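Thank you for coming, everyone.

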Amino acid sequence: MADWKPQRPSYVKDPYPALARLRREDPVHWDRQFEAWVVTRYEDCDFILRNPHIFSSDAHSAAQLNRSKLAAQLSGAANQGNQSVPFIRTSADEHREQRGLASPAYVPERYRAMVKNIGWKWLHGALSEPDSGAVEVMSSVANPSVIELVYSLIGPSDTERSHFESLGSDIQEWRAQSDAGPLLRQSGVRAQKNLRDLCTAALSADAPDSGAIALLRSAVDREEIAAVDASQLIFDLSIAGNNATAFLIGSVLRVLCIFPEIYQQIKDDPELAPLLVIETLRWEGPTQFVPRFATQEIQLGKRLIRPGDGVLPLVTAAGRDPERFDDPDKFSLDRNFRAQLQFGSGEHHCIGAGAASGLAEEIALALLEITDSPPEIISEKWGGTMTLRGLQSLKIQI
């Protein structure tokens, strides 16, 4: 019988053989560790994500039914210290309302030039270091570029900007690995508390007229959102997706290293860069699963899902489903079907998806500009957490 063991080192290194077997033999699989259904077929994952009223992100409501350890864990984390419910754990209606208040900060007109400037700055800056063209991508390009983009979009005051970025970097480092030692964990928890306080203070501080902070402060003044919820939303926007975006950047640059034909295709036609990112998300996306909870009884495959059950659509498995993608283990820019699920789907589609993809595109284009041949990988190390998988380090030689 197929099983799901994401903590195994062999799985972290290459999860796709195990996921393929699970998809073939038990596509709606009961996992005892999480007390949740693990779903691996594209069609099922897409259905779950597109129907938030059937499969809700509201862990608190699901926990009341006492059918899922996962719901209890996420509900407990959400309510720790009497904090407001995180943006990604709200019900569909509340999520839609909060999203609408912050979304103008994440439109292409605002981030398009931003991602180009940030991406090229960090890639070219890393190459200016005296190491004969050798670059450790994650620490010198991916992680810092993501932090700069995140806080450029959020828009804290100039006096608080460095404080936001410093705390965000500490949290990002801690959350990137499941085996973080006690000192790193302590530092991350402390940084998270300090960032919460900073987000609360930002609502009453001077800030630029654009950005999520300014938008939410105006919404509080209009009584469209409570101050505690606005502060929580700023905090969520400060940390949600940071590690996933950094992992995406690492994977995109790794693809350019290991597939010379793909490198040459983008080199010859830079307008293919968006397809490079989309295919990387499908082929080796960082997000492993997106927790949801059933609100009603429903049949999924051969399984009966009951209200309160936890459901884990494994979007990383969906991206390699042969029923949806021809020759799914092959990396190709010539696919007809490109609806990958890494950013979610429907109402809960990632608010920063465009900015994250744009940053990855621009860093890839910056690399292509400075060399005529694919870089060589000197070393790499895979890692992450239960929910994210990616490169903890990637050293390349230009």
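I will go through the cavities and then turn to one residue of a lining.

This is a predicted model, in which local features need pLDDT of at least 70 and side-chain atom pairs count only at pLDDT 80 or more, while totals for chains, interfaces and linings use all residues. Residues are numbered from 1 along each chain as its sequence is written, and side-chain values use heavy atoms, with hydrogens and water left out.

A search of the whole structure finds two cavities of 30 Å³ or more, a cavity being a set of points, on a 1 Å grid over the protein atoms alone, where a 1.4 Å probe fits but cannot get out, and its lining residues having an atom within 4 Å of a point. A volume here is the space filled by probe spheres set on the points, which are joined across faces, edges and corners.

The largest cavity has a volume of about 40 Å³, and among the residues lining it are Tyr42, Leu281, Arg282 and Gln340. Helix α16 (315-318) gives the most to this lining, with three residues, where helices are DSSP runs of H or I, at least four residues long, numbered from the N terminus.

The second largest cavity, at about 30 Å³, has a lining that includes Ile278, Glu279, Arg282 and Gln340.

Is Glu279, then, buried or exposed? Glu279, which lies in helix α15, counts as buried because its relative accessibility is 2%, buried meaning under 20% relative accessible area with a 1.4 Å probe and protein chains only.

Terms used
1 Å grid on protein atoms, 1.4 Å probe; cavity = no way out; pocket = protein on both sides within 12 Å on 5 of 7 lines; lining within 4 Å. Helix = DSSP H or I, 4+ residues; strand = E, 2+ residues; numbered from the N terminus. Buried < 20%, exposed > 50% of the residue type's maximum accessible area, 1.4 Å probe, protein only.
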